[in-house]
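Please read the numbered points with the sequence and the model at hand.

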Amino acid sequence: MPRMLPDATTRALVTVIMETSLRANDACSLPFNPIIDHSARWPCLRYLNTKMATEQLVPLSAAAAEAIRAQQRHLLHRWPVASPVLFPAPRSNPDAIRPFSDATLRRRLARWQHSIDLRDDTGRPVRVTAHQFHHTFGTRLINMGVPQHVIQRLLGHASPQMTARYAELHDTTVRAAFDDCCQQRVDLAGERIAYDPGALTAQVEWTTHNMARVQARPAQRPLRTPTTTALPPPQRLPHLPRLSDHPGVSRNPPPPTRRDPAAHRHRRSRRPVPAR
């Protein structure tokens with residue numbers, strides 16, 4: 001969807017929001033270079049979570065990192081002197097000091113959705129806000145099986161109860177699909193198998209289904225040690241000198257001598273003969 005937005009700055013801003021779950025006002029206020037790398041050289045985003053009044057660090061996807069770098073190149077092309085903000089306001093901002101506003105993002109999203117006549121699956125017009133991308137990010141992580149405490153940190157939630165709403169939504173949605181599937185089951189004779197979603201046994205069947213899903217998951221692969229070429233320069237293995245590098249050792253050693261078969265037979269004949 002961001003590729004269809006009319007201008008590069010709005011596309012990059014929406015991509016960052018969708019890929020990092022940042023709230024719109026936090027994303028609009030990002031500095032020009034918010035990326036730092038951790039020890040394994042993976043790009044991370046450092047930003048100020050204004051709702052929690054704390055600085056946070058979250059890993060970046062490849063799409064988000066590329067969107068930020070593309071936006072930096074765009075700014076340097078338009079303003080050779082680097083802007084202090086990553087997303088400057090598009091109008092009345094000759095020095096690129098004033099950041100993009102949340103209100104401007106809302107208006108541009110609404111104008112774009114109206115121009116393309118955005119509709120849902122039933123054909124009714126819909127309006128999507130930037131904050132819905134924040135919730136979509138959390139729901140997507142829950143559906144991928146990411147632990148709730150990890151999602152809590154990525155979303156910047158102050159308590160586990162805030163994150164638990166995504167898990168409740170996921171459980172309700174999947175449970176409804178499970179009940180619908182069970183009501184469509186038939187036996188070997190083609191007869192419909194009776195299933196009541198409100199019965200006491202339905203909850204037990206749902207629990208059994210979840211346990212089977214967990215047991216069917218493949219075991220997690222152990223982390224592989226990165227290769228030498230993937231390590232930073234200080235961590236690479238040093239060059240180990242070979243024996244031929246020593247000044248006292250010849251680089252062209254003489255070939256090994258071959259054993260004389262006649263001398264070998266002579267040595268065997270000199271063995272004492274045991275007395276009989």
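1. A residue counts as buried when its relative accessible area is under 20%. Gln72 has a relative accessible area of 13%, and therefore belongs to the buried residues. Please note that the model under review is a predicted one.

2. Gln72 is part of helix H3, which spans residues 62-78. If neighbours within four places in sequence are set aside, Gln72 has contacts with Phe32, Asn33, Pro34 and Leu86.

3. As to the overall composition, the protein contains 9 helices and 3 strands. Read from the N terminus, the order of elements is α-α-β-β-β-α-α-α-α-α-α-α. The chain has 276 residues, of which 29% are classed as buried. Where contacts link residues at least 6 apart in sequence, 43% of them join residues at least 24 apart.

4. The strands form an open sheet of 3 strands in the order S1-S2-S3, and their pairing is antiparallel. Strand S1 (35-37) and strand S3 (54-59) are the edge strands, each pairing on one side only. On average, and with direction ignored, neighbouring strands of this sheet are turned by 35 degrees against each other.

5. Within the sheet, S2 and S3 make a hairpin with 4 residues between them. In its turn, Ala53 has a positive phi of about 55 degrees. The antiparallel pairing of S2 with S3 extends over 6 bridges. Arg46 lies opposite Leu57 in S3, and Tyr47 lies opposite Gln56 in S3.

6. Which residues have the most contacts inside the largest nonpolar core? They are Leu13, Ile17, Leu30, Leu45, Phe87 and Leu105, in a core of 33 residues. Two or more residues of this core come from each of H1, helix H2 (24-28), strand S2 (43-49), H3, helix H4 (102-116), H5 and H6. A separate core of 5 residues lies apart from it, including Phe178, Cys182, Tyr195 and Ala202. As general background, nonpolar side chains in soluble globular proteins tend to be buried together.

7. Leu45 may be followed in detail. With neighbours within four places in sequence left aside, Leu45 is in contact with Thr20, Leu22, Leu30, Pro34, Gln56, Leu57, Val58, Leu60 and Ile68.

8. Helix packing is the next topic. Two packed helices are described by the angle between their axes and the distance between the axes. Helix H1 (residues 8-20) packs with helix H5 (residues 130-143) at an angle of about 35 degrees, the axes being 7 Å apart. On the H1 side, the residues in this contact are Val14, Ile17, Met18, Glu19 and Thr20; on the H5 side, they are Ala130, Phe133, Phe137 and Arg140. By type, 6 of the residues of this contact are nonpolar, 1 is polar and 2 are charged.

9. Why do the buried residues of H6 count as lying on the same side of the helix? In helix H6 (residues 148-155), the residues Ile151, Gln152, Leu154 and Leu155 are buried. They lie on the same side of H6 because they cover an arc of only 165 degrees around the axis. The face turned away from the buried side of H6 bears His149 and Arg153, which are exposed. Gly156 follows H6 and has a positive phi, near 75 degrees.

How values were computed
Residues are numbered from 1 along each chain as its sequence is written. This is a predicted model: local features need pLDDT of at least 70, side-chain atom pairs count only at pLDDT 80 or more; totals for chains, interfaces and linings use all residues. Side-chain values use heavy atoms; hydrogens and water are left out. Axes are lines fitted to C-alpha atoms, for helices over the stretch in contact, and angles run from 0 to 180 degrees between N-to-C directions. Contact means heavy atoms within 4.5 Å. Ala, Val, Leu, Ile, Met, Phe, Trp, Tyr, Cys and Pro count as nonpolar, Asp, Glu, Lys and Arg as charged, and the others, Gly among them, as polar. Buried means under 20% relative accessible area, exposed over 50%, partly exposed in between (1.4 Å probe, protein chains only). The arc is that of the directions from the helix axis to the C-beta atoms. A nonpolar core is a set of buried Ala, Val, Leu, Ile, Met, Phe, Trp, Tyr and Cys residues joined through side-chain atoms within 4.5 Å. Two strands pair if DSSP finds at least two bridges between them.
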